[in-house]
Amino acid sequence: MVKFSRPAPWQTVPSSSPRKSFVGANECAARRRVLGRQLVEHDLDALVVSSGPNVRYLTGYTGSNGLAVLLPDRTMFFTDPRYRIQAAQEVDCSVRVVSGPMLPHVAQYLRRIKSRRIGFEKSHMTVEAHQTLKDALPMRSSLEPVVGWIERQRAVKSHQEISAIRRSVELNSQAYEQTAKHIRPGMRESELAAELDYRMRRQGAEGPAFETIVAAGARTALPHARPTSATLRGGALVLVDMGAMLDGYASDMTRMLFLGRPGTRVKRAYHAVLEAQLAAIDAVHGGVRAQAVDRAARRVLAGHGLAREFVHSTGHGLGLEIHEPPRIGKKEKTPLLSGMTITIEPGVYLEGFGGIRIEDTVAVTDNGCEVLTPTSKELRIL
Ligand code: ZN
Ligand code: ZN
């Protein structure tokens, strides 16, 4: 099921980096250099980076209040006094610790270095922050919207990042395995979700990458069901969709269980989804358009008369965030590139009956992909 004719490039690189801060200073500096060149190409003097994951990607900072001002040849990082020590430990560029609202200090800095054309992250900066910055800058300065530059760079992962995602995926699968054997009829959905989260954290995860989804019986037909106090009953499907956050990187997996003996309808639907998932995985390789992967899954389900029951896209990128570009959807022409990490997760949802989804995290290679998720994809019978 893994299209993989030679070792992925990152597998040949020994992982010598320490566990906690696997992204070395050099890596952040290299990322900033790529962005610095983009600034020059677009005739921008500076870029104000305010989105948390993007700030982390460029500076290594893991706190909650930080902002980076990128210039073509250097970067200034701003934070508040609560993060003075942390910033000194994590950030490898110049740091300015300021009290009170940060943006007036940022504007003062931009004024002092005479930046004229200043980029900002259109998808992340609030209207209020934009106004504050605009008011504090001289009339001759202009604020230029920048969309997706850092996200596009983030979509292709380095060797170290793929190692981190692999560790996150493995931890997540272990937490699932340890918990799955204790699942019994009578357990509440919320209780099972709490057990999964607990085992993730026991193994060193920072926490779940998203709110763990546990749904039983007909509720499995809700693709994003939140765990309730409903109990797991015999003769019913259970859907578990979970992911861990480890060293800042997310994992994502969906598995199905059945309490008792599944009937023909469940088995048929399960095998249709599994066939679709394997077909989509088989379609993944560097250079393929994301929509072709989506189509591969959709075609199989259509063959089983289940096209209309597949109500979402086939997958998404993941990394510092649980949902990142690229999207593996019907209309996505973006080519997949070697080094991207994505999920493959077709599903079908039948009201009153239930839903089935199977999801793995995979890393794209030149010739195919590597399925990082080690957990068996058989319908687990309990
Ligand atoms: Zn998921
Ligand atoms: Zn997912």
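Which residues do ring pairs link into a cluster? In this predicted model, select Y61, F77 and Y83, the three residues that the ring pairs join.

**The aromatic pairs**

The count of aromatic pairs comes to three. Begin with Y61 and Y83, an edge-to-face pair with 5.7 Å from centre to centre and 85° between the planes. Y61 lies in the loop between α2 (52-59) and β2 (66-70), and Y83 in the loop between β3 (75-79) and α3 (84-90), so the pair ties together parts 22 residues apart in sequence. Y61 is buried, with a relative accessible area of 2%, and Y83 is buried as well, at 13%.

Next, select F78 and Y109, whose ring centres are 5.8 Å apart and whose planes meet at 70°, so this pair is also edge-to-face. F78 belongs to strand β3 and Y109 to helix α4 (residues 103-112), 31 residues apart. F78 is buried at 0% relative accessibility, and Y109 is buried at 3%.

**Charges over rings**

Display R265 together with F353: R265 lies over the face of the ring, 4.1 Å from its centre. Then turn to R298, which lies over the face of F310 at 4.1 Å from the ring centre.

**The zinc site**

Finally, select the zinc ion (ligand 2). Its protein donors are D252 (OD), H316 (NE2), E345 (OE) and E359 (OE), at 2.1 to 2.2 Å. The angles among the four donor atoms run from 77 to 149°, and the site is irregular.

Terms used. Residues numbered from 1 in each chain as written. Chains lettered and ligands numbered in written order. Predicted model: local features only at pLDDT ≥ 70, side-chain atom pairs only at ≥ 80, totals over all residues. Heavy atoms only, no water. Donors = N, O, S within 2.8 Å, 3.2 Å for Na, K, Ca; no water. Tetrahedral: all angles 85-135°; square planar, octahedral: opposite > 155°, others 65-115°. Phe/Tyr/Trp six-rings, centres within 6.5 Å; stacked < 30°, edge-to-face > 60°. Helix = DSSP H or I, 4+ residues; strand = E, 2+ residues; numbered from the N terminus. Buried < 20%, exposed > 50% of the residue type's maximum accessible area, 1.4 Å probe, protein only. Lys NZ or Arg CZ within 6 Å of the ring centre and 35° of its normal.
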